[in-house]
Amino acid sequence: GGHYFYGFATMAALLLWLGLLAVGAGSKHVAVLGGLMRSHHLTVVPLIEGLLGRGHRVSFVVPNTTEHKSYFPKGVGSAAMVFLGTDDWAFDQLFSGPEYDFKNLPWYRKPLLFAKVLSTYRSTLDAPMF
């Protein structure tokens, strides 16, 4: 689990660094990608606000789903909200159903569930999300 945090922290640091570079270059139009989950979107909000505060135009790019639209119903400051895609999906529904209820499975079925998720993860995520 920790390597996901470090990967995301690296991405956030890179976005911040790019944002700081843009500060000295005059007013720019910057596209900010939030990610797939709500926590990813919330993490980049201070970056968006900082860029807006320095006079840049910002487009916040998120998947075009009911779930993602509910995160920021009024937008983020004056940033343009850009919704990509046509399919309404939810990240938590990719692996849903009683066969994926890890907490309530008997212990002997948990290794099989783990193997199933690993073996189908790539093909499940291979479908276009946005």
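So, let's start with E49, which sits in helix 2. Keep in mind that what we're looking at is a predicted model. Is E49 buried or exposed, or something in between? Its relative accessible area is 48%, so E49 counts as partly exposed. Now look for S78. E49 and S78 are 29 residues apart in sequence, yet their C-alpha atoms are 8.8 Å apart in space.

Okay, let's zoom out. The protein chain has four helices and three strands. If you walk along from the N terminus, the elements go α-β-α-β-α-β-α. There are 130 residues in the protein chain, and buried ones make up 25% of them. The accessible surface of the chain comes to about 8800 Å², and 63% of that belongs to carbon and sulfur atoms.

Now the strands. Find strand 2, residues 57-63. How many of its seven residues are buried? Six of them, which leaves strand 2 mostly covered. Strand 2 pairs with strand 1, residues 29-33; the two run parallel and are joined by five bridges. Strand 2 also pairs with strand 3, residues 80-84, again running parallel with five bridges.

How do we get from strand to strand? Strand 1, helix 2 (residues 38-53) and strand 2 make a right-handed β-α-β unit. Then strand 2, helix 3 (residues 66-71) and strand 3 make a right-handed β-α-β unit as well.

Let's go inside. In soluble globular proteins, nonpolar side chains tend to be buried together. Here, the largest nonpolar core has 15 residues, and the ones touching the most other members are V32, I48, L51, V58, F60, F72 and V76. Which elements give two or more residues to this core? Those are strand 1, helix 2 and strand 2. The largest share, six residues, comes from helix 2.

If you skip its neighbours within four places in sequence, V32 is in contact with V44, L47, I48, L51, V58, S59, F60 and V61.

Next, H56, in the loop between helix 2 and strand 2. Its relative accessible area is 4%, so H56 is buried. And where does its side chain go? The side chain of H56 reaches the backbone nitrogen of K28, at 3.0 Å.

Last stop: A80, over in strand 3. A80 has 36% relative accessibility, so we call it partly exposed. Leaving out neighbours within four places in sequence, A80 is in contact with V58, S59 and F60. Between A80 and V58 there are 22 places in sequence, but C-alpha to C-alpha they are 6.3 Å apart in space.

Key. Residues are numbered from 1 along each chain as its sequence is written. This is a predicted model: local features need pLDDT of at least 70, side-chain atom pairs count only at pLDDT 80 or more; totals for chains, interfaces and linings use all residues. Side-chain values use heavy atoms; hydrogens and water are left out. Buried means under 20% relative accessible area, exposed over 50%, partly exposed in between (1.4 Å probe, protein chains only). Two strands pair if DSSP finds at least two bridges between them. A crossover is right-handed if, with the strands pointing away from the viewer, the path from the first strand over the helix to the second runs clockwise. A nonpolar core is a set of buried Ala, Val, Leu, Ile, Met, Phe, Trp, Tyr and Cys residues joined through side-chain atoms within 4.5 Å. Contact means heavy atoms within 4.5 Å. Accessible areas come from the Shrake-Rupley method with a 1.4 Å probe; for residues, only the protein chains shown count as cover. A polar contact is a pair of N or O atoms within 3.5 Å; within protein, one must be able to donate a hydrogen and the other to accept it, and residues adjacent in sequence count only if both atoms are side-chain atoms.
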